[in-house]
Amino acid sequence: MNKIQRVMGILFGGALWTATGPAWAEWELNLTEGVTEISREVFDMHMTVMWICFWIGVIVFGAMAISIVKHRKSKGVTPATFHESTFAEILWTIIPFVILISMAFPAAKMLIKMEDTSDAEITIKVTGHQWKWEYEYLDSGVKFISSLHADSREAATPGSGIDPTTVDNYLLEVDNPVVLPTGKKVRFLLTSSDVIHAWWIPAFAIKKDAIPGFINEMWTVVDEEGTYRGQCAELCGRQHGFMPIVVEARSEAEYDEWVTAQLAAAEVAASSADREWAMDELMERGEKVYGTYCAACHQANGNGIAGVFPALNGSPMVLEDIEGHINIILNGKPGTAMQAFAAQLNDADIAAVVTYERNAWENETGEIIQPATVKSMRIQ
Ligand SMILES: [Cu+2]
C-alpha cells in the first residue's frame, strides 16, 4: 500500500472506528495485493482505474461547484445563450473515448494473459461435489477429497454448545489441503459432479465456475510459501458455506516429499481389502467417515431430517439389507441427493461407515462388514 491509499483508508476507516472497536487494526477498505503476479496486476489495474474515476469526479463536481457558486443568479450573472458548439461536442466525445481506450487496452491484455494456461508444469483436476472438493494431480496421480475440518463442522452443528469464535479459521479450514510448489505454473481443470460450484482463492486472484459436464481452465504461480484460504463462490445448496478451499504453497523439495507420502498412503489404502478388520478399527474409522461425508444430510445422530434426508437410525435397510446398504453407498440413488461414493471412498472407508451405521445409535446389529465384501460389490 502506498501513502495515499493508507491515508484514504484512515479517513474512511476513522468514521467507523468507534463502531468496530478492537477490530479496527484489521480494517482495510482496499483490495489486497495477493501473492501472484496476476493478483498484483489486478490490484494495479484496479488502482489505476480508481484514480482515473477519482479525478474525473473531482474535475466534474469541481466545475459544477465553481459554476454554482461563482455564477449564481443572485450575483447578477446572466446566462449565455449560445447553442451548439462543435468544438465542445468534439471535445466531450474525444476525451471519454481516449480515457476508455486507455483503460480497455491494458485490461484486455491482462484478461488474455489470465486465460493463457499454456506451458503449465502441474495440472490438477478439481471437481466440486455437494459439499466438498476433489483434487486429482494428473501428473503424479495423487488424488484426495478435501472436506470441511471436523472442528468447524462440530461447532456448526446446532446444539453442539461450541462457540464458533473459539475455532481457528472457522469454516475456512479443511481436512486435506491442496499442496502446491512455489514458483511453478499450475493449471487447474475445473468441473463438477452435481451443481455449479466455483473455485476461488482471493490471494491468487483466480476464480472460476466448476460446471457439470464442462471443463474450465485457469492457472496460477504462487510466489510465497504460506497457507491461502478461499471458498466455493457459487451458491450451491444448503452447505455452500461449508466447502472451503485451503492451499498450502511449499518449497519444491517439500512438495516432492508430500507427493511421495500421498502415493504411499494411497497404496496402503488400496490394500485395505486384503486383510480382516476388527470391529473397533472399523467403528473408529466409520465414525470419522460418517462425520465427514454423511452427517451433513443424515445428521450426527442418524435421525436425518424428516421429509428430506432419511433416518439411518432404525432404517429397515440399515438393519436388515446389507447388500442394499452397501449398494446405495457405492452407487447412490440417481435423481436424489444420495450420491455415489464409489469414487470418493475406498473399500475400507465404505466397510467402516457401513459397520458404523449398523452399530451406532440404536442400531445394535453386531454385524461387521469387511472391506473385501465392499470390494467384491464394486462394479468393475
Ligand atoms: Cu459449492
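Hi everyone, let's start with helix α8: on the face turned away from its buried side are the exposed residues Glu323 and Gly324. Helices are DSSP runs of H or I, at least four residues, numbered from the N terminus.

Please keep in mind that this is a predicted model: local features need pLDDT of at least 70, side-chain atom pairs count only at pLDDT 80 or more, and totals for chains, interfaces and linings use all residues. Residue numbers run from 1 along each chain as its sequence is written.

Back to α8, residues 322-331, where His325, Ile326 and Ile329 are buried. Seen down the axis, these buried residues fall within an arc of 90° (taken from the directions from the helix axis to the C-beta atoms), so they line one face of the helix. They pack against α7 (316-320), α9 and α10 (371-377). After α8 comes Gly332, with a positive phi near 70°.

What about α9 itself? Helix α9 (residues 347-359) packs with helix α6 (residues 279-298) at an angle of about 95°, their axes 7 Å apart. The axes are lines fitted to C-alpha atoms over the stretch in contact, and angles run from 0 to 180 degrees between N-to-C directions. That makes α6 roughly perpendicular to α9, a term for angles of 65 to 115 degrees.

Notes. Helix = DSSP H or I, 4+ residues; strand = E, 2+ residues; numbered from the N terminus. Parallel < 35°, antiparallel > 145°, perpendicular 65-115°, else oblique. Buried ≥ 20, exposed ≤ 12 C-beta atoms within 10 Å, placed from the backbone. Contact = placed C-beta atoms within 7 Å.
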